[in-house]
There are 2 protein chains.
Amino acid sequence: MSLSTSKPLAIGIDFGGTSIKSALVHGCEILKHGRLINPQNASAQETLALIEEVIRELCSELPSLVPVGIGLPGLVDSTHGIVHGLSNVDGWDEIPVQRLLQERLGVSVILENDANAMAYGEWQHGAAVHSRNVICVTLGTGVGGALILDGKLFRGAQLAAGEIGHASIDYRGKPGPYGSTGGLEEYVGNSQITERAEDAYRAAGLPAPVTPCTPEVLAKAGQSGCPIAANLWEQIGDEIGAALASAVWLLNPDAIVIGGGVAKAGDLIFNPIRRSLKSRTAPVIHEKLRIVPAKLGNDAGAIGCAALALEAHQEA
Amino acid sequence: MSLSTSKPLAIGIDFGGTSIKSALVHGCEILKHGRLINPQNASAQETLALIEEVIRELCSELPSLVPVGIGLPGLVDSTHGIVHGLSNVDGWDEIPVQRLLQERLGVSVILENDANAMAYGEWQHGAAVHSRNVICVTLGTGVGGALILDGKLFRGAQLAAGEIGHASIDYRGKPGPYGSTGGLEEYVGNSQITERAEDAYRAAGLPAPVTPCTPEVLAKAGQSGCPIAANLWEQIGDEIGAALASAVWLLNPDAIVIGGGVAKAGDLIFNPIRRSLKSRTAPVIHEKLRIVPAKLGNDAGAIGCAALALEAHQEA
């Protein structure tokens, strides 16, 4: 590895519930991965010390430390650099992560919500380059989202915008968290797809190809021509398209980027999403709209965090 | 009327399907109304000549003409100042209104979609002053909307954003325009409310207070304690709250401004909207959210157009 100091380098850290991934990043390129850190069964202070170590290791061949961006799953105040609480890791309530790390490292550190970081990565270096208005959706255990509006990450009044998984497709539909009803996530989250797939095979008097019949199994079945699987993907795509149609009437974006494990079903899910969206919206808002798969995969978070770190560093 | 030239004055023109209203505006204050113009049965050129006359009349006591903003119902390219077509007036396809009027008047002219102009008025001088992220909804014959995001009017990729009336509350619900299903407008537009009210009285074996049982009639009935009317307003508020809940999960605004004829039902509709929205969203996104009636009434369009004209003039 040869690293010129003229390159704008940054470190992106993707803070997941079971492992914290880190990388030294140049644009959309990962130059070097850091050691994985497990945040479970460790205090925030212990984990922060490990993060500091990994950052120093990633910069060991550079003349100095570089800016750091961290994406976290939970309530993150990106303006003040404080973690209010994380979704799947205890002990991170009201931790001023930005200040603590900046004091230890002497280099600029920014925090961001993980969905926003991924969207920023796809927008700056992935599937939505050159778009000014983008809806990003992640289809996984939950359904997450983030928005790029007028060429900027849009965070909302309490930095909580983008939650398309709780936007409803049926106001008298399935109950979800916080009293929401008919939220998209209640239909197309990982476990909901698995349950629906098993129900569909049972109703047809057939065994599921494998149990649990995960989205991955169901995608393989669909790709092998199983009509039960294909039909269920059609329904799922229609539901996602319906939720996106409402968002598109409201925001008139020029691109929708869809990532996460469920999106790996490819055409099986993208084709019905495109059909559903087109059939539910006016030509003026769907004719130029691109609906594209995420491009950066598991690296979107780290790449987005690094890009956000550089942006903040340049502004400072 | 005494007009000091130090005041930032502008002319706001609200181009409606049956009448074109105009005013000389200072902030949220209408200093002088112009003659009404009827755009029906006239060519665009004839109507533009009348608009020019009215502008000159409104400025007759001023040392010079002042900037002009025009809000129009239809497809308006505010960037290039072109009207692509109007909703209820023929003959306005691809008319470069901005250029034509600027040539005639020698003063800066801007165009805007009417829903955006009203939202801008309420944001600058009405119900949503001091808010950075606002959803504006107009409940009338149709259900219109507009967005202020990160302290700016948000127009979307094809300048078509804000159409919350076509956002769906039920993806298998009532059919609407452009293949949309379950769009809010199909439930709470003026004529839909009238139809539902008459059905409700019929189902109860009672005569409607007046036929047609318009939203205005239904509001009076509700205010007089009629349980049939009160119950229907509760349902309508729940549906509007459901559509707004999805928009709020997505955008996390700090204010929602609701105007239009149907909003005149007051608490009868605002209370169930607030209850519905609160019951369907997380505390973090509804606790600080204000849901308020529009303040500027019929003047919102003219006031918003004047404010947009001044903003554009200052930027130029």
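Predicted model: local features only at pLDDT ≥ 70, side-chain atom pairs only at ≥ 80, totals over all residues.
## Two chains, one axis

Below are the axis and interface, then a helix pair in chain A, then a helix and a strand residue in chain B.

**Axis and interface**

- The contact between the chains involves 42 residues of chain A and 42 residues of chain B.
- On the chain A side, the elements giving two or more residues are β10 (152-154), α7 and α9 (283-286).
- Helix α7(A) provides the largest share of that side, with eight residues.
- Sorted by class, the side of chain A that touches chain B has 20 nonpolar, 13 polar and nine charged residues.
- The copies meet through the same surface, because 100% of the interface residues of chain A are also interface residues in chain B.

**Helices α6 and α7 of chain A**

- Helix α6 (residues 215-223) and helix α7 (residues 227-251) of chain A have axes that come within 7 Å and cross at roughly 115 degrees.
- The crossing of α6(A) and α7(A) is left-handed.
- From α6(A), Leu218(A), Ala221(A) and Gly222(A) meet Ala229(A), Ala230(A), Leu232(A) and Trp233(A) of α7(A).
- That contact between α6(A) and α7(A) is made by six nonpolar residues and one polar one, with no charged residues.

**Helix α3 of chain B**

- Helix α3 (residues 114-125) of chain B has twelve residues, which at 1.5 Å a residue should span 16 Å; the end C-alpha atoms are 16 Å apart, so the two agree.
- As for cover, twelve of the twelve residues of α3(B) are buried.
- Among those buried residues are Asp114(B) and Glu122(B), along with Met118(B), Tyr120(B), Trp123(B) and His125(B).

**Gly145 of chain B**

- Gly145(B) belongs to strand β9 (residues 143-149) of chain B.
- With 29 other C-beta atoms within 10 Å, Gly145(B) counts as buried.
- Ala119(B), one of the buried residues of α3(B), lies 26 residues from Gly145(B) in sequence but 8.0 Å away in space, C-alpha to C-alpha.
- Leaving out residues up to four places away in sequence, Gly145(B) touches Ala115(B), Ile135(B), Cys136(B), Val137(B), Thr138(B), Gly162(B), Glu163(B), Ile164(B) and Gly165(B).
- Ala115(B), on that contact list, is another of the buried residues of α3(B).

How values were computed: Residues numbered from 1 in each chain as written. Chains lettered and ligands numbered in written order. Axes fitted to C-alpha atoms, helices over the stretch in contact; angles between N-to-C directions. Helix = DSSP H or I, 4+ residues; strand = E, 2+ residues; numbered from the N terminus. Left-handed = near helix turned anticlockwise from the far one by under 90°. Contact = placed C-beta atoms within 7 Å. Nonpolar A, V, L, I, M, F, W, Y, C, P; charged D, E, K, R; others polar. Expected span 1.5 Å × (residues − 1). Buried ≥ 20, exposed ≤ 12 C-beta atoms within 10 Å, placed from the backbone.
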